[in-house]
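Try each task before reading its solution.

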Amino acid sequence: MRQVVGAALDKVRLKRENHALREQLAGFQGRVRIISQDGRMLKLLEMARQVAPSGCNVLITGESGTGKELFARYLHEHGSRRDGPFVAVNCGAFNEELLANELFGNEKGAFTGATGKPGLIETANGGTLFLDEVTEMSTAMQVKLLRVIQEREVLRLGGTVPVKIDVRVCSATNRDVPELVASGRFRQDLYFRLNVVNLHIPPLSERRGDIPLLAYHFLAKCAALMRKDVREIDPQVLDLLQAYDFPGNVRELENIVERGVALSSGPGIGPGQLPDDLRELSLRTFRKKEGRMPTLDEQERSYIEWVLHETNGNQTLAAQVLGIDRVSLWRRLKRYELEKG
C-alpha cells in the first residue's frame, strides 16, 4: 500500500511540476524567446531592451553555445531596425579571401569567376549585421572592417565607387578580447568601435535554475518537430541535468533533450533516454573560461567549493573527501578566499 500511494503521490507531484513549468514558459512572449529566470540574465535582457533602439554597436561575449546569436536577434527585434534585414556571418568559417568576398561583394570581372554581387554588409543595409567569432578575422580584415564602421561605406572588391550604408554591427566571440588586444592579435581601435556596449552571457552552469525551463522549452519544440506526444521529464532526469556542468551550454542541453524525445516510447523522458555518461554522472567537467583553459589553481578552487557545497559546509568531512588534513584545507580556504565569517 505504501508503495502504491508513494507512486501515486510522485505522479501527482510530477504533473504539478510539469504544469507549473509549462505555465512559466507560456509567459515568454515575442518572436525571439530568451527563456530565463536568472537574475543576471534578466538584467542583461533589460540592458538589451534599453540599448536596442539606440542603434549602437554591441559586442556579445560568452562561451560557445550560450546563445550569443539569439541575443543579437533579440536586439534586432527590439530596435528601430526590426523591419530591416538581419544578416549573420561566421567569421571563423572562411579564409581571408572568401570572407572579404562574402562581406564586401565584388564587381564583375574583379577576379576570375567574379559575377558582380553585393556583399553581406550591403545586404544588411537598414538592418543588423551579426559578426560571429569576430576575433577570428585576420589583421588585414580588421582594418577593412574598421574603415566600413568609421566611414559608413563599403567598397566592393574591384570597385572604385564606395556604397553608403546604414548598418548596426553586433559582434560576438568566446575569446578574451582584452587579452587579444594586449597581445596585438586584435586591433584596439576596432575593439572600441565594436564594444560600445558589452553583453556578457553567463554559462549555463552558473544559472542552473534555468535548466528545467529550457529543458521543457526544448521538449515542446522537439516533440512538435518529431510529431511525438512527449510532454513530461522525469524528476530524476531534471536532477541529473542540474548536477551536470554543460560544457556545451544551452546548445548541449537542447541536443540531450532532442535525443531523449527521439528515444522515448512513452509520454515522457526518463533516465533511460539520457546518454550513458550523463546517466552515470559522477565527475565534474573541465570547462574553458572565456576561450582559455583554466589554471590548476582555478580548478582546485572550484573543486573545493563544490565539495564544501556537497558536504553542507562541513570542513572536517570535506577534508576527508579531499584526502587532506583539516589544517591543509584551512590554508587552501584562506589562499582562495573561501573563508566565511
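**Exercise 1.** How many salt bridges does the structure hold?

*Solution.* This predicted model holds 19 salt bridges.

**Exercise 2.** Find the salt bridge between Asp 166 and Arg 81, and decide whether each partner is buried, partly exposed or exposed.

*Solution.* Start with the distance: N to O, the two side chains meet at 2.9 Å. Asp 166 sits in the loop between strand 7 and strand 8, while Arg 81 sits in the loop between helix 3 and strand 2, 85 residues apart. Now turn to accessibility. Buried means under 20% relative accessible area. Arg 81 has 16%, so Arg 81 is buried. Asp 166, with 37%, is partly exposed.

**Exercise 3.** Work out which elements the salt bridge between Glu 254 and Lys 221 links.

*Solution.* The side chains meet at 2.8 Å, N to O. Glu 254 belongs to helix 11 and Lys 221 to helix 9, 33 residues apart. Lys 221 is partly exposed, at 39% relative accessibility.

**Exercise 4.** Describe how helix 9 and helix 10 cross, and which residues meet there.

*Solution.* First take the geometry: the axes of helix 9 (residues 210–226) and helix 10 (residues 235–243) come within 9 Å and cross at roughly 120°. The two helices are therefore oblique to each other, and the crossing is right-handed. Then list the contacts: Ile 211, Pro 212, Ala 215 and Tyr 216 from helix 9 meet Leu 238, Leu 241 and Gln 242 from helix 10. Finally, sort these residues: six are nonpolar, one is polar and none is charged.

Definitions and conventions: Residues are numbered from 1 along each chain as its sequence is written. This is a predicted model: local features need pLDDT of at least 70, side-chain atom pairs count only at pLDDT 80 or more; totals for chains, interfaces and linings use all residues. Side-chain values use heavy atoms; hydrogens and water are left out. Axes are lines fitted to C-alpha atoms, for helices over the stretch in contact, and angles run from 0 to 180 degrees between N-to-C directions. Helices (H or I, at least four residues) and strands (E, at least two) are DSSP runs, numbered from the N terminus. Angles under 35 degrees count as roughly parallel, over 145 as roughly antiparallel, 65 to 115 as roughly perpendicular and the rest as oblique. A crossing is left-handed if the near helix is turned anticlockwise from the far one by less than a right angle, and right-handed if clockwise. Contact means heavy atoms within 4.5 Å. Ala, Val, Leu, Ile, Met, Phe, Trp, Tyr, Cys and Pro count as nonpolar, Asp, Glu, Lys and Arg as charged, and the others, Gly among them, as polar. A salt bridge is a side-chain nitrogen of Lys or Arg within 4 Å of a carboxyl oxygen of Asp or Glu. Buried means under 20% relative accessible area, exposed over 50%, partly exposed in between (1.4 Å probe, protein chains only).
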